[in-house]
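Open the model in your viewer and keep the sequence panel beside it. The tour below goes from one selection to the next.

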Amino acid sequence: MTIQPLTRAALAATLIASFSHVALADMTPADVQVPDGNTVALETVGVGAITYMCEAKDDGTMGWVFKGPHAALNGSDGAQVGSYYGPPATWEALDGSKITGTQLATAANGDGNIPLQLVEANPAEGEGAMTGVSYIQRLNTQGGVAPDVACDDGHEGATAVVTYQADYIFWTAN
């Protein structure tokens, strides 16, 4: 029996789509895995931009310094369900509930991509989709790193906006 390339691709896509969260967690670096006792409450795709500014860093050298993100959080159907912005890093549902958090860990995700991330959520403000969220994972990052252009005394104060995309998975305690 010969399987055509398109059929192979369709089979592969079906197998990948059928992975459970447990199987996907096994493929996530240990540093950014959510502790046992939590369940996925909401899965989103963040599509947006990160702003950097050319300025003196703490060590006195000039460099691109992270200033903050702004992204739409979209559900599985592509419709916007919330926003991500900062600082401080804030995830806000369309119902007005929102959370901030404390970064616990990061893991590299290849050249040109911001790192994967695990954040412990602070208690939610307002009642709604963000109520009870315990952790946020940032996975499958694409883009978002500081630009690879000159940042020196002659460019001080310049800003750069870099597009990115990432999956944001929101977890609640069991």
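**A buried glutamine**

Select Gln117 to begin: its relative accessible area is 9%, so this residue is buried. The model you are looking at is predicted. Gln117 belongs to strand β6.

Now show the side chain of Gln103 as well. Along the chain Gln117 and Gln103 are 14 residues apart, and their C-alpha atoms are separated by 7.3 Å. What else does Gln117 touch, leaving out residues up to four places away in sequence? Besides Gln103, the list holds Val32, Ala105, Thr106, Ile136, Gln137 and Arg138.

**The whole chain**

Zoom out and colour by secondary structure. The protein chain has 2 helices and 8 strands. Followed along the sequence, the order is α-α-β-β-β-β-β-β-β-β.

Of the 174 residues, 34% are buried. Take the contacts with a separation of 6 or more: 59% of them are between residues 24 or more positions apart.

**The nonpolar core**

Hide the surface and select Trp91, Ile99, Ile136, Tyr164, Tyr168 and Phe170. These residues have the most contacts inside the largest nonpolar core, which has 24 residues. At least two residues of this core come from each of β1 (38-56), β2 (62-74), β4 (90-93), β6 (116-121), β7 (133-143) and β8 (159-173). Which strand supplies the largest share? That is β8, with 6 residues. In soluble globular proteins, nonpolar side chains tend to be buried together.

Stay with Phe170 and display what surrounds it. Beyond its neighbours within four places in sequence, Phe170 is in contact with a list of residues including Val40, Leu42, Leu73, Trp91, Ile99, Met130 and Ile136. Another core, of 10 residues, lies apart from the largest one; Ala105, Leu116, Leu139 and Trp171 are among its members.

Gly82 has Ala93 of β4 opposite it. The two strands, β3 and β4, form a hairpin with 4 residues between them.

Look closely at the loop between β3 and β4, where Pro87 lies. Pro88 is in that loop too. The peptide bond between Gly86 and Pro87 is cis, with omega about 0 degrees. A cis bond also joins Pro87 and Pro88, where omega is about -10 degrees.

Move on to residues 98-107, strand β5, which pairs with β4 in the antiparallel sense over 3 bridges. Thr90 has Thr100 in β5 as its bridge partner. What is the phi of Gly96 in the hairpin of β4 and β5? Gly96 takes a positive phi near 95 degrees, and this hairpin has 4 residues between its strands.

Next select Asn38, which is in strand β1. Is Asn38 buried or exposed? Its relative accessibility is 14%, so Asn38 counts as buried. Its side chain is joined to that of Ser134 by a polar contact of 2.7 Å. The Asn38 side chain also reaches the backbone nitrogen of Ala173, at 3.5 Å. Among the other residues that Asn38 touches, apart from those up to four places away in sequence, are Tyr135, Trp171, Thr172 and Asn174.

**The salt bridge**

Select Lys67 and Glu55. Their side chains meet in a salt bridge, 3.2 Å from N to O. Lys67 is in strand β2 and Glu55 in strand β1, so placed that the pair links distant parts of the chain, 12 residues apart. How many salt bridges does a search of the whole structure find? The search finds 1. Lys67 counts as partly exposed because its relative accessibility is 34%.

**Last stop: Asn140**

Finish at Asn140 in strand β7. Its phi is near 50 degrees, a positive value in a residue other than glycine. Asn140 has a relative accessibility of 47%, so it counts as partly exposed.

Key
Residues numbered from 1 in each chain as written. Predicted model: local features only at pLDDT ≥ 70, side-chain atom pairs only at ≥ 80, totals over all residues. Heavy atoms only, no water. Core = buried A, V, L, I, M, F, W, Y, C linked by side-chain atoms within 4.5 Å. Buried < 20%, exposed > 50% of the residue type's maximum accessible area, 1.4 Å probe, protein only. Contact = heavy atoms within 4.5 Å. Pairing = 2+ DSSP bridges. Salt bridge = Lys/Arg side-chain N within 4 Å of Asp/Glu carboxyl O. Polar contact = N/O pair within 3.5 Å; in protein donor to acceptor, adjacent residues only side chain to side chain.
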